[in-house]
Amino acid sequence: MTKQLTFIGHSDDIFSVSINGKPVEEIDCFDKLARYKVSSGENQLYVIGEYVTPCVWMIGVAPVNEGIPIPNWNIQLINGHNYSPTLKIECPDDVKIKKC
């Protein structure tokens, strides 16, 4: 089984995380970076969101360290709404998400 994680920005200060379509967290990150470590066993990556000029969200993934590859999970970046893409990640059921 897998879980689907969804990350999206709202207005100019809210970054949200959903698991299988159910919201699990919204953080206020006005003028701050939103960063989560997503891990399952040895597989891990960062999800990063930032509200940038000209009033849009930038969302992406990064390795957690040099030499540690991004997991071979299904990762999609799609249109969310006019000012934020939506990042969707299909990952194992035992996935852990930690704000950092």
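Residues are numbered from 1 along each chain as its sequence is written, and side-chain values use heavy atoms, with hydrogens and water left out. Since the model is predicted, local features need pLDDT of at least 70 and side-chain atom pairs count only at pLDDT 80 or more, while totals for chains, interfaces and linings use all residues.

Let's start with the strands. When I say strand, I mean a DSSP run of E with at least two residues, numbered from the N terminus; helices would be runs of H or I with at least four. Two strands pair if DSSP finds at least two bridges between them. As a reminder, strands of a sheet pair through backbone hydrogen bonds, either parallel or antiparallel.

Here we have an open sheet of four strands, ordered E6-E5-E4-E9, with antiparallel pairing. E6 and E9 (96–99) are the edge strands, each pairing on one side only. From one strand to the next, the twist averages 20°; for angles like that, axes are lines fitted to C-alpha atoms, for helices over the stretch in contact, and the range is 0 to 180 degrees between N-to-C directions. Look at E4 with E9: that antiparallel pairing has four bridges, and Lys37 stands opposite Lys98 in E9.

Then there's the E8 neighbourhood. E1 and E8 run antiparallel and are joined by seven bridges; Ile8, for example, has Thr86 in E8 as its bridge partner. E7, residues 74–81, also pairs with E8 in the antiparallel sense over seven bridges, and Gln76 stands opposite Lys88 there. E7 and E8 form a hairpin, with two residues between them.

So which residues touch the most other members in the largest nonpolar core? That core has 18 residues, and the ones in question are Leu5, Phe7, Phe15, Val38, Val47 and Ile89. By nonpolar core I mean a set of buried Ala, Val, Leu, Ile, Met, Phe, Trp, Tyr and Cys residues joined through side-chain atoms within 4.5 Å. Buried is under 20% relative accessible area, exposed is over 50%, and partly exposed is in between, with a 1.4 Å probe and protein chains only. Two or more core residues come from each of E1, E2, E4, E5, E6 and E8 (84–92).

On to the rings. The whole structure has five aromatic pairs. To pair, rings of Phe, Tyr and Trp (its six-membered ring) need centres within 6.5 Å; planes under 30 degrees apart count as stacked, over 60 as edge-to-face, and the rest as tilted. Take Phe15 and Tyr36: their centres are 6.3 Å apart and their planes are at 25°, so the pair is stacked. Phe15 is in E2 (residues 14–19) and Tyr36 in E4 (residues 34–40), so this pair ties together parts 21 residues apart in sequence. Both partners are buried: Phe15 at a relative accessible area of 0%, Tyr36 at 1%. Phe15 and Tyr36 also belong to one aromatic cluster with Phe7, Tyr51 and Trp57.

There's a charge over a ring as well, which requires NZ of Lys or CZ of Arg within 6 Å of the ring centre and within 35 degrees of the ring normal. Here the charged end of Arg35 sits over the ring of Tyr46, 4.5 Å from its centre.

Now, cysteines. How many disulfides does the search find? Zero, taking a disulfide as two cysteine sulfur atoms within 2.5 Å. For Cys29, the nearest cysteine sulfur is that of Cys100, 13 Å away. Cys29 is buried, with a relative accessible area of 2%, whereas Cys100 is partly exposed, at 40%.

Last stop, the backbone. Most residues other than glycine have a negative phi, and most peptide bonds are trans. Ser11, in the loop between E1 (2–10) and E2, has a positive phi of about 45°, and this serine is partly exposed, at 36% relative accessible area. Asp31 has a positive phi too, about 60°; Asp31 is in the loop between E3 (22–28) and E4 and is exposed, at 72%. Finally, a cis peptide bond with omega of about 10° joins Thr53 and Pro54, with Pro54 in the loop between E5 (43–52) and E6 (56–62).
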